[in-house]
Amino acid sequence: MPTIHFVLKDGNTRSVDAPIGQSVMEAAILNNVRGIDAECGGCASCATCHVYVDPAYFERLPEPDDMERELLEGVAAERRPTSRLSCQIALVAELDGLVIHVPATQA
Amino acid sequence: MISAEQNDFITRVGPGTPAGALLRRYWQPIALVEELEEKRPVRAVRLMGQDFVLFRDEKGELGLLDRDCPHRGADLAFGRLEDGGLRCPFHGWLFDVKGTCLETPAEPAGSKLCTRIKQSAYPVVEKSGIIFAYIGEGEPPAFPAFDCFVAPDTHVFAFKGLFECNWLQALEVGIDPAHASYLHRFFQDESTEASYGKQFRGASNDSDMPITKVLREFDRPDIAVESADYGLRLTSLRKLSEESTHVRVTNVVFPQAFVIPMSSEMTISQWHVPVDDTHCYWYAIFTSFTGPVNKQQMRDQRLELYELPDYTSRKNKRNNYGYNIDEQLNETYTGMGNDINVHDQWAIESQGPIQDRTREHLGTTDKGIIAYRRLLVSAIEATQAGQPAPMLINADQAAAFSGPPSIDGVSPSDRTATYCKDADRKRREQSSWAAARLTD
Ligand code: FES
Ligand code: FES
Ligand SMILES: [Fe+2]
């Protein structure tokens with residue numbers, strides 16, 4: 001199972017193991033990682049699962065689709081080049097060690 | 001006797017359990033067709049600890065969805081059947097039989113939320129009066145061409161009933177040929193004429209001896225268990241005299257059914273389906289080899305014991321199953337009336353919500369149970385290892401199945417080995433629908 005390291009708002013890191021196929025959002029919610037809200041439950045309509053993907057991993061992700069791009073326009077925290085919606089990132093073996101930064105706010 | 005761990009391993013079937021993973025590889029009965037014949041064809045159903053809503057849309061198509069609305073979890077079993085699907089009464093979200101979200105009416109005009117919502121939906125099919133569901137992964141297996149599935153609708157009747165205990169002990173009563181001589185003993189024989197639709201009340205095939213008398217007076221059956229491509233075949237011999245021997249052949253169809261003779265004209269194909277770990281439904285298809293089944297009479301007989309809408313037994317542990325001392329002294333072995341379904345229900349429910357098999361002591365008559373548990377354990381382990389299990393068949397393999405022969409009759413003592421085959425053949429030749437399938 002790939003490991004994901006979530007860098008939290010207070011600077012601490014939570015590491016969780018999650019099965020391949022799960023989304024980064026699901027891994028966070030199921031492990032009670034704070035700072036990712038995911039109100040819509042992963043159907044790409046709320047933008048409250050916003051995260052910053054560590055640059056070392058960002059390039060490995062498939063491009064966001066139109067729906068995600070549109071939603072990224074309206075995220076609550078600062079929009080950065082490495083912004084993604086965590087519900088749209090499905091875990092694959094190559095993402096083992098993925099580092100995710102939780103933004104300051106989702107609302 | 002088995003360990004507590006092993007007992008859990010073979011009895012518990014909730015999501016994520018090893019035995020649950022095995023049973024989810026097969027079609028499972030989930031309702032009777034008659035349950036969706038009411039004014040509003042929507043039913044809440046529970047299978048292996050999971051909750052679903054079963055419904056028929058306005059076009060008559062069946063759907064099986066997870067019961068909790070994907071919006072905020074309200075109960076879709078109270079939904080409105082309209083506009084091509086089932087609508088949640090909370091905020092009006094509408095789902096079709098495939099689980100596709102058709103409308104989220106409170107969202108702003110132009111909202112695309114609906115396109116990203118999908119309620120889990122599961123395949124369902126109607127067979128001989130029962131609605132079967134497949135809640136496992138991937139493709140379901142094909143239905144074997146057993147008698148109960150190929151007989152015309154006029155010749156089959158389906159019913160069900162609730163047992164308040166684990167499914168496995170319910171199945172294990174059906175593969176225990178010895179208990180009928182005790183649990184179902186009647187001290188007097190009724191006229192066999194009034195036996196229509198009842199088990200263990202008619203005359204054995206090829207004789208006029210009531211089965212009640214055979215069971216009562218010949219109470220040490222000689223039991224043989226053989227493996228079959230569909231599971232197990234059990235043959236119980238009761239030697240009546242030098243000349244004649246009573247032969248009873250019953251079958252276990254893996255993973256959870258048995259096929260047994262009910263009377264000379266009908267067989268019973270019965271599944272034991274876990275509702276959760278401590279409740280199960282029996283679902284039976286009664287198949288007639290002679291004329292059409294008198295469905296009204298069969299249903300009325302069963303509704304004397306079973307209460308709608310949940311097919312719960314009127315006799316149960318809260319009223320001691322109708323136990324009566326005088327009756328036990330003079331008429332029946334149990335004192336619980338003439339309906340043998342009550343006897344079986346008492347036997348298995350009295351073993352506890354999940355029988356504690358660390359305390360049991362099996363005898364030689366339990367060899368069918370032992371053989372079945374071996375099959376079950378190896379199939380669960382195979383499933384854990386991602387390997388095939390029995391009866392996961394494709395359409396070609398399914399077409400090759402028939403029967404399985406299940407016979408209760410009296411044979412010449414020197415011909416018991418071929419009696420089942422011969423009696424089964426004779427029954428088929430005389431049957432309008434079964435004769436058509438005989439190949440030679
Ligand atoms: S969870 Fe709502 S957009 Fe990701
Ligand atoms: S909970 Fe079902 S529509 Fe809101
Ligand atoms: Fe019985």
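A polar contact is a pair of N or O atoms within 3.5 Å; within protein, one must be able to donate a hydrogen and the other to accept it. The views below are taken from a predicted model.

**View 1. The start and surroundings of helix α8 in chain B.** A side-chain oxygen of Asp339(B) comes to within 2.8 Å of the backbone nitrogen of Asn341(B) at the start of α8(B). The helix spans residues 340–349 and is mostly covered, with eight of its ten residues buried. These are Ile340(B), Val342(B), His343(B), Asp344(B), Gln345(B), Ala347(B), Ile348(B) and Glu349(B). The elements that cover the buried residues include β11 (156–163), α4 (167–174) and β19 (312–313) of chain B.

**View 2. An open antiparallel sheet of four strands in chain B.** The strand order is β5-β6-β7-β8. At the edges are β5 (80–82) and β8 (101–103), each of which pairs on one side only. Within the sheet, β6 (residues 85–87) and β7 (residues 94–95) run antiparallel and are joined by two bridges. Leu86(B) stands opposite Phe95(B) of β7(B).

**View 3. Strands β14 and β20 of chain B.** Six bridges join β14 (residues 244–253) to β20(B), and the two strands run antiparallel. One facing pair is Thr245(B) and Ser411(B), the latter in β20(B). Five of the six residues of β20 (residues 407–412) are buried, so this strand is largely enclosed by the rest of the structure.

**View 4. Two cis peptide bonds in chain B, at Pro255(B) and Pro309(B).** Most peptide bonds are trans. The bond from Phe254(B) to Pro255(B) is cis, with omega near 5°. Pro255(B) belongs to the loop between β14 and β15 (257–261). The bond joining Leu308(B) and Pro309(B) is also cis, with omega about 5°. Pro309(B) is in the loop between β18 (306–307) and β19.

**View 5. Positive phi at Asp83(B) and Tyr321(B).** Most residues other than glycine have a negative phi. Asp83(B), which is not a glycine, has a positive phi of about 50°. This residue sits in the loop between β5 and β6 of chain B. Asp83(B) counts as partly exposed because its relative accessibility is 48%. Tyr321(B) has a phi near 60° and lies in the loop between β19 and α7 (325–330) of chain B. With a relative accessibility of 6%, Tyr321(B) counts as buried.

**View 6. Asp54(A), a buried residue without a salt bridge.** Asp54(A) is placed in the loop between β3 (50–53) and α2 (55–58) of chain A. The nearest side chain of opposite charge is that of Arg60(A), 8.6 Å away. A salt bridge would need a side-chain nitrogen of Lys or Arg within 4 Å of a carboxyl oxygen. Leaving out residues up to four places away in sequence, Asp54(A) touches Val99(A) and His101(A).

View 7. Cys43(A) is buried, with a relative accessible area of 5%.

How values were computed:
Residues are numbered from 1 along each chain as its sequence is written. Chains are lettered from A and ligands numbered from 1 in the order in which they are written. This is a predicted model: local features need pLDDT of at least 70, side-chain atom pairs count only at pLDDT 80 or more; totals for chains, interfaces and linings use all residues. Side-chain values use heavy atoms; hydrogens and water are left out. Two strands pair if DSSP finds at least two bridges between them. Buried means under 20% relative accessible area, exposed over 50%, partly exposed in between (1.4 Å probe, protein chains only). Contact means heavy atoms within 4.5 Å. Lys and Arg count as positive and Asp and Glu as negative; His and the chain ends are not counted.
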